[in-house]
Amino acid sequence: MLTSWTADDVRAAERPLLASGVPLMERAAFALAVHVGRELRATRGRVGGARVTLLVGSGNNGGDTLHAGALLARRGAQVTALLTSDRTHAGGLDALRAAHGRVVPTLDDAAADDAAQDLARADVVLDGLLGIGGRGGVRGPGARLLARLRTLDADARPLVVAVDVPSGVGVDDGTRTGEVPDVDLTVTFGACKPALLLPPAADAAGRVEVVDLGLTLPPRPAVARLEATDVAALWPLPGRDAHKYVRGVLGVVAGSARYPGAAVLQAAGAVRAGVGMVRYLGSAGPQVLAAHPEVVVGEGRVQAWVVGSGVAPDDPEQRARVRDALSHALAHDEPAVVDAGALEILPDRVPPHVVLTPHAGELAALLVARGAHATRAEVEAAPLVHARRAHDLTGATVLLKGGTTVVVGPHGAAYAQADGPSWLATAGAGDVLGGVLGALLAGRSADAMADPTLPAALAAAAALVHGRAAHHANPGGPVSAGDVADALPAVVAGLLRA
Ligand SMILES: NC(=O)C1=CN([C@@H]2O[C@H](COP(=O)(O)OP(=O)(O)OC[C@H]3O[C@@H](n4cnc5c(N)ncnc54)[C@H](O)[C@@H]3O)[C@@H](O)[C@H]2O)[C@@H](O)CC1
Ligand SMILES: Nc1ncnc2c1ncn2[C@@H]1O[C@H](COP(=O)(O)OP(=O)(O)O)[C@@H](O)[C@H]1O
Ligand SMILES: [K+]
C-alpha cells in the first residue's frame with residue numbers, strides 16, 4: 001500500500017527530531033542530490049559539467065534546493081540558482097556560494113526573460129519554489145519562471161525535478177492553482193504527500209521517490225493507494241466447505257427498457273469477479289439470462305445489493321424496485337452499491353455500508369440536491385474535497401469515478417486508485433465496476449457491517465481490479481466494457497497469486 005500524510009502530520013513528526021538536533025535539511029538535500037545525480041548519469045553519463053538550474057523560493061524548500069545544488073556543484077556540475085524572493089534560506093545560499101555556484105536574483109520580468117535562457121540550456125531544473133509551506137498558487141517572480149519553463153520548445157525542455165512537491169499544488173487535497181510545473185520526478189521528504197497520489201495534482205508529479213528521514217507518523221495515513229497484495233488480502237476466498245449462499249448473493253437492480261445493457265454488464269462484472277450468485281430484478285431479465293445463464297431472475301435473500309445502473313428516470317417500476325431494495329438493505333443491514341439513477345433517490349442520511357459510485361457530474365448533482373454548490377468542473381478540480389463533502393452530507397462511503405478514482409469513507413479513510421488506462425473511459429465500464437464492488441460486498445457482507453471503514457477499502461480494491469482488467473483485456477489499446485468484465489477472472493487469479 002502506498003501511504004501519504006498531510007503537511008501538518010509531517011511537520012509534527014519532524015519537530016522532535018529537529019529539537020534534538022537531527023540535521024533533516026542536510027539529509028533531505030543529500031538524498032535529493034543523489035537522485036538528481038542518478039538522473040544526470042542516466043541521461044548524459046556523468047554529473048561533471050552538467051548544467052543544473054535551481055528555482056529557489058523563500059522558505060526551507062528553497063533551502064533544500066540550494067544545499068542539493070551545492071553538493072552537485074562539488075561534483076563538478078555548473079549550478080545556477082535563480083532566486084525569486086528577497087528572502088532566501090541563508091545556510092543554503094552560503095553553501096552554494098562556497099561551492100562556487102552562480103546566484104542570480106530573478107525578481108522582475110526582464111530578469112525572468114534572461115533566466116529563460118538558463119532554463120533552456122539546463123540539463124536539469126530543480127523546482128524549489130514551494131514545499132509544504134506553500135499557500136495557494138505560486139505568486140510573483142516564481143510564477144514568471146514557471147511560465148517561461150512551460151513555454152520552452154519541447155526539444156529545449158530540461159528534465160524537471162520537484163523538491164518535496166511540485167510547487168503550486170494543494171499538498172493535502174491534490175488541487176492545483178496557477179502555474180504548476182509538469183515534472184519528471186518528485187523527490188519527497190519524510191513521507192509521501194496526498195498531492196502526489198490525488199488528482200489533478202498527481203498528474204504533474206511524475207515518478208515519486210520518497211526519502212526516509214526516520215519520522216514517526218500517525219498510524220492512519222491521510223490518503224492511501226492499494227497495491228496487488230492489499231487486494232489479495234481483502235478478496236473473499238471460498239473455503240473448502242463453501243457453497244454459493246456462503247460465498248454471497250448479490251441482488252442487482254439495474255437496467256430499464258431504455259438501457260438493458262447496463263443490467264447485462266453489471267451481471268457480467270459480478271459473475272466474473274466470482275460472486276456466489278446474482279439475483280436480478282427488473283425488465284432486462286431475458287437479456288441478462290441470454291448473456292449469463294448463471295443469473296437467477298426474481299426475488300430472494302441476498303447479502304448485498306447494487307442498484308441504479310441504467311435505471312432511466314422514465315421507468316417508474318424499476319425506480320420503485322430500487323427504492324424497495326434500498327429500504328430492504330437499510331432495514332436488514334445489507335451493504336449496497338448505489339449507482340447512477342439511484343443516486344437521485346438516495347435517502348438523506350445512510351450508513352457507510354452504502355457505497356455511492358458517482359462520476360464527477362453525478363457527484364455535483366448529488367451535492368446540489370443537498371444544498372451545496374458544485375459543478376462538474378469544480379468536482380474534477382478537487383475530487384477529494386467534493387467526495388469528502390458528499391460523505392459528510394450523506395454518511396455514505398463515496399467512490400468518485402475518474403481517471404484516478406477517489407474513495408472516501410468514515411474516520412478519514414481515503415484512497416486514490418490510478419489503475420486503469422484512459423481507454424477505460426467507455427460506456428458501460430461503470431456498470432461493470434458496480435458489479436465487481438457488489439460481488440466484494442456480498443462476499444464480505446458481515447465484515448463490512450462490522451467495520452465501517454471496510455467498504456471504502458473494498459471499493460478501492462474494486463477500482464484496482466477493474467482498472468487492471470482494462471489493461472489486461474488489451475494492453476495499450478481500446479477496450480469495451482464487456483472486454484473488461486471478461487478479463488476479470490484472470491486478473492483476480494493473478495492478484496491472488498502475487
Ligand atoms: N521542517 C523541516 O525542518 C524540514 C523541511 N524541509 C523542507 O522545507 C519545506 C517546508 O518549508 P517552509 O515551511 O519554509 O515552506 P516552503 O518552503 O514551502 O514555503 C514557505 C515560504 O513561501 C512563501 N509562500 C507561501 N505561499 C506562497 C505562494 N503561494 N507564493 C509565493 N510564496 C509563497 C511563504 O511566505 C514562506 O516564505 C518542505 O517542503 C521541505 O522541502 C526539509 O528540509 C526537511 C526538513
Ligand atoms: N480518463 C480515464 N482514465 C481511466 N479510467 C477512466 C477515465 N475516465 C473514466 N474512467 C473510468 O471509466 C469508468 C466509467 O464509468 P462511468 O462514468 O460510470 O461510465 P458508464 O456509466 O458509461 O459505465 C469508471 O470506472 C471510471 O473510473
Ligand atoms: K517544490
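User: Leaving aside its neighbours within four places in sequence, which residues is G402 in contact with?

Analyst: In this predicted model, G402 is found in the loop between β16 and β17. Leaving aside neighbours within four places in sequence, the contacts of G402 are P199, H359, A360 and P383.

User: Is K401 buried or exposed?

Analyst: K401 has its place in the loop between β16 (397-400) and β17 (405-408), and, beyond its neighbours within four places in sequence, K401 is in contact with T357, H359 and G430. Because 23 other C-beta atoms lie within 10 Å of K401 and the cut-off is 20 or more, K401 is buried.

User: For the "binding site" that UniProt lists at K401, G402, G403, T404, T405 and G430, what is the largest C-alpha distance?

Analyst: The positions K401, G402, G403, T404, T405 and G430 come from an unreviewed UniProt entry. They are spread over 30 residues of sequence but cluster in space, and the largest C-alpha distance is 13.4 Å.

User: Which helix gives the most to the shell around ligand 2?

Analyst: The shell around ligand 2 holds 16 residues, and the closest are K401, G403, L424, A425 and G430. By class, this shell divides into five nonpolar, nine polar and two charged residues. The element that gives the most to the shell around ligand 2, with four residues, is helix α15 (residues 429-443).

User: Which element gives the most to the shell around ligand 1?

Analyst: Ligand 1 is surrounded by 27 residues, of which the closest are G59, N60, N61, G131 and G133. Two or more residues of this shell come from each of α1 (7-19), α2 (24-44) and α3 (60-74). By class, the shell around ligand 1 has nine nonpolar, 13 polar and five charged residues. The element that gives the most, with four residues, is α3.

User: How many residues of domain 2 are in contact with domain 1?

Analyst: The domain assignment of the protein chain gives domain 1 (2-219) and domain 2 (228-497), and their C-alpha centres lie 40 Å apart. The side of domain 1 that touches domain 2 has five nonpolar, two polar and one charged residues. Eight residues of domain 1 take part in these contacts, and the number from domain 2 is ten.

User: How far apart are the end C-alpha atoms of residues 10-221?

Analyst: UniProt lists residues 10-221 in an unreviewed entry as "domain: YjeF N-terminal". The span is 37% helix and 17% strand, and its end C-alpha atoms are separated by 11 Å.

User: How many of the residues of helix α6 are buried?

Analyst: In α6, the buried residues are P141, G142, R144, L145, L146, R148 and L149. What covers these residues includes β2 (51-56), β3 (78-83), α5 (109-121) and β5 (124-128). Helix α6 (residues 141-150) is thus mostly covered, and of its ten residues the number buried is seven.

User: D164 and D333 both have a positive phi; is D333 buried or exposed?

Analyst: D164, with phi near 70°, is found in the loop between β6 (159-163) and β7, and its 30 C-beta neighbours inside 10 Å make D164 count as buried. D333, with phi of about 55°, has its place in the loop between α11 (316-331) and β14 (336-338). Because D333 has 12 other C-beta atoms within 10 Å and the limit is 12 or fewer, D333 is exposed.

User: What is omega at the cis peptide bond that joins P199 and P200?

Analyst: P200 has its place in the loop between β7 (185-189) and β8 (207-211). The peptide bond joining P199 and P200 is cis, and its omega is about -5°.

User: What is the mean pLDDT of the protein chain?

Analyst: The model scores ipTM 0.92 and pTM 0.96. In the protein chain, 100% of the residues reach a pLDDT of 70 or more, and the mean is 97.

Terms used
Residues numbered from 1 in each chain as written. Chains lettered and ligands numbered in written order. Predicted model: local features only at pLDDT ≥ 70, side-chain atom pairs only at ≥ 80, totals over all residues. Near = placed C-beta within 6 Å. Nonpolar A, V, L, I, M, F, W, Y, C, P; charged D, E, K, R; others polar. Contact = placed C-beta atoms within 7 Å. Domains from an automatic or database assignment. UniProt positions renumbered as here; feature names shortened; annotations may be inferred. pLDDT = per-residue confidence, 0-100.
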